[in-house]
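Me: Please show me the sequence and the structure. I have some questions about them.

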Amino acid sequence: MSLTRTPEHSIHPLFTDRWSPRAFTGEPIDDVTLLSFFEAARWAPSAYNAQPWRFVYAKNGTENWPRFIGLLSEFNRTWAQNASALVVLLSKTHFVPPGKTDAIPATTHAFDTGAAWANLALQASLAGWHTHAVGGYDKEKAREILGVPADYALQAAIVIGKRGDKSLLSPNLQEREQPSQRRPLNELVAEGGFAFA
Ligand SMILES: Cc1cc2nc3c(=O)[nH]c(=O)nc-3n(C[C@H](O)[C@H](O)[C@H](O)COP(=O)(O)O)c2cc1C
């Protein structure tokens, strides 16, 4: 079992240090720390600088927590229940272009919001915390119980916490509790035209 991530080319270690564990300690996260993650997210680039991302969160141990953790699939809930915070990431699907008065569909709202999530995850990692994005949650229920209007799309949920001992996990998940690898760069990049299998 290797925990090593070796880039093919020289990059800042912040990119390879970030990974998504499932064993969390459940320790409280303070507002200054949590808000610094959202702060990093808000500096992401977006088309027309429309900033379509929105973050709705609950901290573990608060009255909001059961409503949020209850949105996750049963599998995700087994490990995410020991997180410190859970964020539901939304994106605004329409925007008013500069100089116009009417809103039009934002074709890149999901793309832009993905950039914001990446900023958040990297800032958390730099600060010694871990994040784990989750697609396995009930979006319709989230829309209903969080009061999300129709012109916002539900993107991923984000689990945030301090990494715990993997003995907290089932034997099956213990085996998977390590940084994953990546496809080789030559399968992902082509000069001059599409050249992929
Ligand atoms: C949009 C998105 C949805 C994901 N959904 C889940 C999920 O429902 N459950 C889970 O355990 N991991 C989920 N993951 C985590 C990915 O499996 C993980 O990011 C990927 O394997 C790469 O590993 P790394 O983040 O440790 O580098 C999700 C990640 C993303 C970006």
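This is a predicted model: local features need pLDDT of at least 70, side-chain atom pairs count only at pLDDT 80 or more; totals for chains, interfaces and linings use all residues.

Me: Which residues come nearest the ligand?
Reply: The shell around the ligand has 15 residues; a residue is near if one of its heavy atoms lies within 4 Å. By class, 5 are nonpolar, 6 polar and 4 charged. Gly counts as polar, and only Asp, Glu, Lys and Arg count as charged. The nearest are R5, S20, R22, H132 and G135.

Me: Which helix and which strand each supply at least two residues of the shell around the ligand?
Reply: Helices (H or I, at least four residues) and strands (E, at least two) are DSSP runs, numbered from the N terminus. Two such elements each give the shell at least two residues: helix 4 (74-80) and strand 5 (130-134).

Me: Which side chain has an N or O atom 2.8 Å from an oxygen atom of the ligand?
Reply: A ligand nitrogen is 2.8 Å from an N or O atom in the side chain of H132. A ligand nitrogen is also 3.0 Å from a polar backbone atom of A133. For the ligand oxygen, at 2.8 Å, the side chain is that of R182.

Me: What percentage of the area that the ligand exposes alone does the protein bury?
Reply: Accessible areas come from the Shrake-Rupley method with a 1.4 Å probe. Taken alone, the ligand exposes 620 Å². The protein buries 63% of that.

Me: What is the volume of the largest pocket?
Reply: The largest pocket has 16 lining residues, with T6, P7, E8, T16 and R182 nearest its centre. The lining divides into 6 nonpolar, 5 polar and 5 charged residues. Its volume is about 420 Å³.

Me: Where is Y48, and is its phi positive or negative?
Reply: Most residues other than glycine have a negative phi. Y48 sits in the loop between helix 2 (31-42) and strand 1 (53-59). Y48 is not a glycine, yet its phi is positive, about 60°.

Me: Are Y48 and N49 buried, partly exposed or exposed?
Reply: N49 lies in the loop between helix 2 and strand 1, and its phi is near 50°. Buried means under 20% relative accessible area, exposed over 50%, partly exposed in between (1.4 Å probe, protein chains only). Y48, at 58%, is exposed; N49, at 48%, is partly exposed.

Me: Which residue caps the N-terminal end of helix 6?
Reply: Helix 6 covers residues 139-146. After helix 6 comes G147, with a positive phi near 70°. At the N-terminal end, a side-chain oxygen lies 3.2 Å from the backbone nitrogen of E140, and the capping residue is D138.

Me: How far apart in space are A124 and F38?
Reply: A124 is in helix 5 (residues 109-126). A124 is buried, at 0% relative accessibility. A124 and F38 are 86 residues apart in sequence; C-alpha to C-alpha, they are 9.4 Å apart.

Me: What separates the C-alpha atoms of W65 and A150?
Reply: W65 is in helix 3 (residues 65-69). W65 is buried, at 8% relative accessibility. W65 and A150 are 85 residues apart along the chain, and their C-alpha atoms are separated by 24 Å.

Technical notes
Residues are numbered from 1 along each chain as its sequence is written. Side-chain values use heavy atoms; hydrogens and water are left out. A polar contact is a pair of N or O atoms within 3.5 Å; within protein, one must be able to donate a hydrogen and the other to accept it, and residues adjacent in sequence count only if both atoms are side-chain atoms. On a 1 Å grid over the protein atoms alone, a cavity is a set of points where a 1.4 Å probe fits but cannot get out, and a pocket is an open set with protein on both sides within 12 Å along at least five of seven lines; lining residues have an atom within 4 Å of a point. Grid points are joined across faces, edges and corners, and a volume is the space filled by probe spheres set on the points.
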